[in-house]
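Student: I have a model open and would like to go through it with you. Can we take it piece by piece?
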Amino acid sequence: MRLKKALALTLTAAMAIGTLAGCGSSSGTAETTVKETTQAAATESTASAETESTAAKSLADYDKVDTFNAYMMGAGITDEEFNNLEQAKLFEEKTGYKVNYTQIPDTDTQTAIQNAFMLKEDFQYMLVSKDTFFMLLAAGALAPITEYVEGSEYLKDQISEVGWDLVTKDGEIYGVPQRAAKNCAALGLAYRADWLKDYNEANPEDQIDAPSEENGYSMCVSDFRKMLEYFNTRVAKGGHALGIGNGVTCMTEILPAFGVYQKWMETDGTVQFMTEQPGFEEYAEYMTGLYDDGLVYYQATSNDTGVIAAFQSEMAGVVEAAHWEAYTLETVSAPEGEDLSQYTDDNIGYISALVPDDNKGDASAVRVWSGQGYNSICVLPSYNTAEQSAAVVDWMDKKLEPELYRESVIGVEGETYTVENGEYYPILPEFNDRMGYADKLISGNREEDNSKYWLARTRKTAAQDKLFSTINYNVDNTGIKNPVDMMSTNDAYDNYFSKANTDVSDQLVLMLFNSAEAFDLQKVHDIWVADNGDDITNSITEWYNSWGSKDIYNEVKAR
């Protein structure tokens, strides 16, 4: 484990320096040399004993306070309500620490946190965003916690190496990272499964393979276009086969078919933005072809009909949908008296991603845009006393005890959740009533366990479960993550990317969803360069090539 290696190297270096300092001069007498050598040996023996003692020290061996104050991300409730949450009382009972919670203001959060550090306000623990963490780290405002993590019972093993790498600087750990619960995709393509069935029945010699487990819920690009051409004959008057939402320029379910697997991806040693990646031009030509042939409805403004509403009214046969929108999609035509929480519509299906024509039907060829970064970091101010820091880390460690952790994030079996075939399902409304704020009190995760528990939150309705499980079928073998999600502060990216991304997106809207302007990749590239795109690319590439976890972050590789 990297943190263990860092600590061992530090201690070894200290021993070596101490030993060399104790060695006698070659010009001394034999008696002096023997004496100094003996002293050096004794010093080395003492240092070795101290090293073993330090390495073996557990959190129980440190002096600690029994109460402290925590500055937490806002939950939209009063501080009094926050302190009386079921999970807050549970942690106090099980860990033995009395923690007083104050919520960080929702407006100008970063300024509030900066002021707390600058004024040395009475907070011993804070939960901050990844960007704020790196700002505080650069300012020297954070307390190192390496020795406490090393002495922990659960923390050191429950956080992945990638996570510890994120919060380590010069061999010292400065925070406890909180990983997003699940490597997953949030979006998929909803389509009218009944219309596709009608097409296949009418065209037995030219059928389109329906998305299924056998093909990884995918469809090849030619079949997708063919399906849209048929759907255009089925949509209500004035409708279009494919509905694309306002602000969407690049469809993450379609891009992988053309070799664009993430917004930022490494290609031949350079980390490139999606419009700069090989394959983007082919994607753009495919999409402009769909638009020019009247197969696409683009929601140009927020006042235009939304794509979900268009799908519900049969003004579109395919739309991009998030898993939390499935309930709205599938229950609109449910029979009266149906239990909507358990209802799914057989007329609706989902596509996880498109694949190239020569990979038609090949589930192993499916690639999806997925994500699982570390969005929050638990930190301790540098002005903490040693007793406060030891207590805070001990509190975080105790919260990861397996039984306590499970109860704190999904509750009690039979009361807030059930287990079916090893999977966790919420009991409603008890789950919502009792566990709605549970995520606000987490301090680090049992990462593997959490990925299973969190799925209960995607199973609040049968429709949501259907969409989420379909688009994330086999995601651990198909999902490719964006490395920039793990990047520390970067001047070029922080200063220039927002404008460059907006300007490129605006130009793409004009080219992809406006027949008056043809797609011109060079024009897109020129906008990127004019907005310091090359500086952004170079700075990200420099970081990426020095990043210790780059070879293990994305286990799934390009097709």
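Student: Which residues form a negative surface patch?
Tutor: E281, E282, E285, D520 and D526 form it. Before going on: this is a predicted model, in which local features need pLDDT of at least 70 and side-chain atom pairs count only at pLDDT 80 or more, while totals for chains, interfaces and linings use all residues. Residues are numbered from 1 along each chain as its sequence is written, and side-chain values use heavy atoms, with hydrogens and water left out.

Student: What makes a patch here?
Tutor: Its members have over 30% relative accessible area and no salt bridge; like charges are joined within 9 Å, and nonpolar side chains (Val, Leu, Ile, Met, Phe, Trp, Tyr) within 5 Å. Asp and Glu count as negative, Lys and Arg as positive, and His and the chain ends are not counted. A charge is placed at NZ of Lys, CZ of Arg, CG of Asp or CD of Glu. Areas come from the Shrake-Rupley method with a 1.4 Å probe, and for residues only the protein chains shown count as cover.

Student: Which helix gives the most to the negative patch?
Tutor: Helix α12, residues 280-292, with three residues. Helices here are DSSP runs of H or I with at least four residues, strands are runs of E with at least two, and both are numbered from the N terminus. E282 is in helix α12 and is partly exposed, because its relative accessibility is 49%. The classes are buried under 20% relative accessible area, exposed over 50%, and partly exposed in between, with a 1.4 Å probe and protein chains only.

Student: Moving to salt bridges. How many are there in the whole structure?
Tutor: A search finds 22. The criterion is a side-chain nitrogen of Lys or Arg within 4 Å of a carboxyl oxygen of Asp or Glu. One of them joins E92 and K98, at 3.8 Å from N to O. E92 is partly exposed at 35% relative accessibility, and K98 is partly exposed too, with a relative accessible area of 37%.

Student: What does E448 pair with?
Tutor: R179, with the closest N and O atoms 3.6 Å apart. That pair links distant parts of the chain, 269 residues apart: E448 is in helix α18 (residues 447-453) and R179 in strand β6 (residues 176-179).

Student: Is R179 buried or exposed?
Tutor: R179 is buried, because its relative accessible area is 16%. E448 counts as exposed, at 54% relative accessibility.

Student: And how far apart are D223 and K360, N to O?
Tutor: 3.1 Å, in a salt bridge between their side chains. D223 sits in helix α11 (residues 221-231) and K360 in the loop between β15 (353-355) and β16 (368-369), so the bridge ties together parts 137 residues apart in sequence. D223 is buried, with a relative accessible area of 5%, whereas K360 is partly exposed at 40% relative accessibility. Salt bridges with shared partners join D206, D223, K226 and K360 into one network.

Student: What about the inside? Which residues have the most contacts in the largest nonpolar core?
Tutor: Y125, F133, F224, M227, I254 and M396, in a core of 132 residues. Apart from it there is another core of 15 residues, among them I308, A316, L329 and A463. A core is a set of buried Ala, Val, Leu, Ile, Met, Phe, Trp, Tyr and Cys residues joined through side-chain atoms within 4.5 Å. In soluble globular proteins, nonpolar side chains tend to be buried together.

Student: What is phi of D108?
Tutor: Near 55°, a positive value in a residue other than glycine. D108 lies in the loop between β2 (98-103) and α5 (109-118), and is exposed at 53% relative accessibility. Phi of Y217 is also near 55°; Y217 is in the loop between α10 (193-202) and β8 (218-220).
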